[in-house]
Structure formats: C-alpha cells, structure tokens
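Here is a briefing on one protein model. Read it alongside the sequence and the coordinates.

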Amino acid sequence: PSKSLRLYAREYYGENLISHNFFEEGPNDYHRLLLRNSGQDFVRTMYVDGLTHLITEPMGLEQQRYRPAVLFINGAYWGIINIRDRIDKYYFYSHKGVKEEHLDLLEFGGFRVLEGEREDYLEMMEYVRNHPMEDDMYYRVIENWVDIGNFIDYYIAKMFIATYDWPGNNIRFWRDRSVDGKWRWVNFDNDDALVDLYFNPYDHLMDSTDNPWPNPLWSTELFRNLIKSEIFRLRFAEAINHHLAQTFNPERLLPLAFGIADSLRVDIPTHIERWGFPESVEKWEQFNEEIWTFLEARSCVFLEMSKEFFGDNYQFDSLTYCYSFVIDENPKGEFRLMPNPTKDLLYVTAEFSFEIKSYVIYNVAGSPLIQKSINQWCSSGESCTFDVSRLAAGWYLIDLVLTTGERKQLPFLKIE
C-alpha cells in the first residue's frame with residue numbers, strides 16, 4: 001500500500017526551509033512536512049484524521065493542519081495524500097515561538113522524551129498520586145502545573161470523536177520552560193475515530209482493570225484523579241455544554257465532512273485503481289454516509305453519556321438539534337440512502353423488506369419541513385423513492401417511521 005512520506009529541508013539540498021502556502025492560515029515555512037497516507041483510514045475514506053482536526057480547530061489545540069492533494073513521484077501517479085504539519089521542535093518554534101532549549105515534549109506518560117526533560121512532569125504525577133484531588137487546596141496546586149483549559153478541551157475532543165486507540169497510545173504533551181511551564185496536550189493521529197457512535201469514553205477512561213492497551217492505568221491516571229475535584233468537574237461540564245452547542249453542532253460539522261468528500265470524489269476512482277483501496281467507489285460512499293450519521297447523532301449520544309456520568313447535580317443544556325427520536329443501537333439491518341448528495345430524488349434500500357408508515361424531513365435547526373403518511377412497501381433489494389427537489393440546497397435528515405414501530409434517521413445533502 002501507499003506509504004506516508006516525510007519531506008526534509010536541509011542546506012545540503014540547497015535550502016534549509018520549504019517555503020510555500022500549503023495552508024491558508026498559520027506559518028508556511030517548513031523544516032519538515034508530512035505527506036500522510038491516512039494511516040488506518042487508508043482502506044476507508046482517506047480523510048478521517050484530517051476531518052477531526054478541522055472539527056477541533058476552534059478549540060485552540062496544538063494539532064496538524066490538513067490539506068488533501070494528489071501526489072506524483074517522478075511523474076508516476078501516487079494517489080491521494082494528505083499534506084500535514086509534523087509535530088516536532090520546529091513546529092513549536094514556528095507555531096508557538098518556543099525555542100528548542102526551552103521545549104519539553106513527552107509521550108506515553110512521560111516514559112519517552114522527544115525533546116527536553118521529563119522531571120517536572122514526573123514530579124507532578126507523583127504529587128497527584130499522593131494528594132487527594134477532592135481537596136481544593138491540593139487541586140489548585142495542579143492548576144499551576146497544568147493548563148487545565150487545554151487539558152479539558154483536549155479530552156473532550158478525543159472523547160467526542162470516539163477514538164479508541166488512546167490514551168495508552170497517540171498521546172503527547174509539552175511545555176515551555178521559559179514562561180509559565182504549564183503542560184499542554186497535542187491532538188494527533190485520530191485515524192480510528194468517527195466510527196463507533198455508541199463508544200462510551202467515560203467507561204474507557206475510568207476502567208480500573210489495567211488493560212495493557214489501549215487504556216492502561218498509567219494512561220488514565222491524571223484524568224481519574226482530576227475528575228475527583230469538584231472544581232474540575234464543574235469546569236469540565238461547562239466546557240461540554242459549550243462545545244456541544246457550538247464546536248460539535250451538526251450544522252457546523254456536516255458541511256465540513258461534505259466538503260472534504262466533495263473535494264476527493266473526482267479522484268477516488270483513480271486512487272482505487274492505483275492501490276485497490278478503498279474496496280470500491282460504492283464502499284467509499286458508504287463510509288462517507290456512516291461518518292455523516294455519526295456526526296449528526298454523536299452530540300446527542302455524548303450528551304446523554306455525560307449526564308449519566310456526572311449525575312443530577314450538574315447542569316447540562318438541552319440541545320435544540322437533538323430531535324425526539326430513538327436511535328436503535330442494534331438495527332436488524334442496514335438502510336442505504338442514495339444518491340447522497342442528491343439534486344432531486346432519494347432512494348432508500350435495505351437487504352430486507354420493510355414498510356414505511358410515515359416520514360419527516362428536518363432541516364439542520366430541527367424544524368420539520370415535510371411530513372407525510374405513505375404506508376409504502378419496499379421489497380428486499382428494491383428502493384423506495386422520495387422527491388426532495390423542492391428543498392433548498394443544504395443538509396437535512398429524513399426520519400423514517402416503519403409499521404413495526406422502528407425508526408431510522410438518515411442524513412443527506414441537497415444540492416442545486
């Protein structure tokens with residue numbers, strides 16, 4: 001399969017910087033640059049990690065910018081590749097102004113030192129182990145050690161996107177010793193995200209069985225201790241409210257996902273011909289639809305998980321875009337909605353026969369635009385047709401009510 005590539009600028013090659021506007025915002029002089037193959041997502045969409053970074057961009061995390069491209073090597077077509085920042089000492093100097101001699105960059109619980117020293121982090125963790133965070137006095141000491149706002153936003157980001165391969169893996173943190181020296185966390189490598197809508201990150205982080213992977217006790221130790229603090233819990237809950245209403249609002253997320261898919265759609269057939277992955281254009285479109293379904297419903301699912309974890313003493317805002325429908329965790333079969341995006345007609349198919357009693361089409365604000373009772377029978381492998389030609393361009397959700405009482409919600413994009 002296609003491999004990720006790393007570009008180096010060295011005086012030996014003629015220039016010690018690569019200067020080009022690869023990205024719309026931020027510094028555009030590079031000592032190193034990644035041409036990334038999308039990792040685990042290479043066989044699915046080719047864009048999941050990049051999309052997660054666009055999703056979390058308003059959170060102000062240290063992370064890799066993203067731009068998809070088509071790569072040619074010595075004139076030979078090499079397929080779709082993702083242009084990304086590389087998180088290293090040069091990144092922190094160009095993005096944060098941190099000199100190499102002032103940078104501490106660690107990973108894996110401080111067991112591995114990438115730059116600088118680890119003594120300060122290990123000292124902090126020793127303090128956490130030996131002082132009860134339920135006591136405000138001891139917790140306030142950690143506030144002088146950790147950028148709490150960054151820590152909370154980073155954890156909420158990882159929890160929302162449902163990345164399983166974490167925090168025992170793909171976790172880095174850094175500090176600038178020349179200023180306040182507070183530790184901050186780096187968002188990277190989310191290739192396995194946006195898959196499991198019902199992944200419960202609270203269970204994942206609070207698990208005490210000491211699994212060797214992906215959530216050994218050393219990797220969850222800081223979170224498990226900080227969450228004991230009432231001050232921390234309140235701040236965490238407030239951040240969840242903000243991000244669910246703003247950062248993770250489907251009205252914001254779905255256009256990001258649609259936009260990336262649209263930008264790659266014309267090149268996907270040639271990429272598949274070159275590498276054999278994804279399996280087919282149809283399979284790639286199916287993966288797209290699965291991601292759209294995740295992004296449409298994850299905020300509502302994560303809200304309910306948060307309410308259950310924090311309990312009744314914490315105020316969580318209701319979300320206007322959480323429709324009053326039931327999401328079936330174990331549907332008896334998969335529904336397909338095609339074409340998506342569409343200009344006029346939608347076709348719903350399944351590998352079993354079903355009868356639609358009625359349906360409602362909602363806009364992104366959750367307002368019903370079309371409501372009809374139809375009692376339409378759809379045989380296995382055949383399609384039921386819906387005319388959406390009169391809808392304006394934009395994102396919508398069709399809520400199907402079956403005669404069995406089951407409901408199925410499918411997001412779609414209407415284009416002109």
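β1 and strand β4 (residues 32-36) run antiparallel and are joined by four bridges. Within that pairing, R6 has L34 of β4 as its bridge partner. The model is predicted: local features need pLDDT of at least 70, side-chain atom pairs count only at pLDDT 80 or more, and totals for chains, interfaces and linings use all residues. Residues are numbered from 1 along each chain as its sequence is written, and side-chain values use heavy atoms, with hydrogens and water left out.

**Sheet**
- Four strands make an open, antiparallel sheet in the order β1-β4-β7-β6.
- β1 (5-8) and β6 (66-73) are the edge strands, each pairing on one side only.
- Neighbouring strands of this sheet are turned by 35 degrees against each other on average, direction ignored.
- Strands here are DSSP E runs of at least two residues, helices are H or I runs of at least four, and both are numbered from the N terminus.
- Two strands pair if DSSP finds at least two bridges between them.
- Axes are lines fitted to C-alpha atoms, for helices over the stretch in contact, and angles run from 0 to 180 degrees between N-to-C directions.

- Contacts of W185 (heavy atoms within 4.5 Å) include Y121, F151, Y154, F173 and L222, not counting residues up to four places away in sequence.

**Disulfide**
- The count comes to one disulfide (cysteine sulfur atoms within 2.5 Å).
- C378 and C384 form it, with their sulfur atoms 1.3 Å apart.
- The torsion about the S-S bond of C378 and C384 is about -100 degrees, so the disulfide is left-handed.
- C378 has 1% relative accessibility and counts as buried (under 20% relative accessible area; exposed is over 50%, partly exposed in between; 1.4 Å probe, protein chains only).
- C384, at 1% relative accessibility, also counts as buried.

**Backbone exceptions**
- Most residues other than glycine have a negative phi, and most peptide bonds are trans.
- W213 and P214 are joined by a cis peptide bond, with omega about 5 degrees; P214 sits in the loop between α6 (201-206) and α7 (217-226).
- F277 and P278 are joined by a cis peptide bond, with omega about -10 degrees; P278 is in the loop between α10 (268-275) and α11.
- N170 has a positive phi near 55 degrees.
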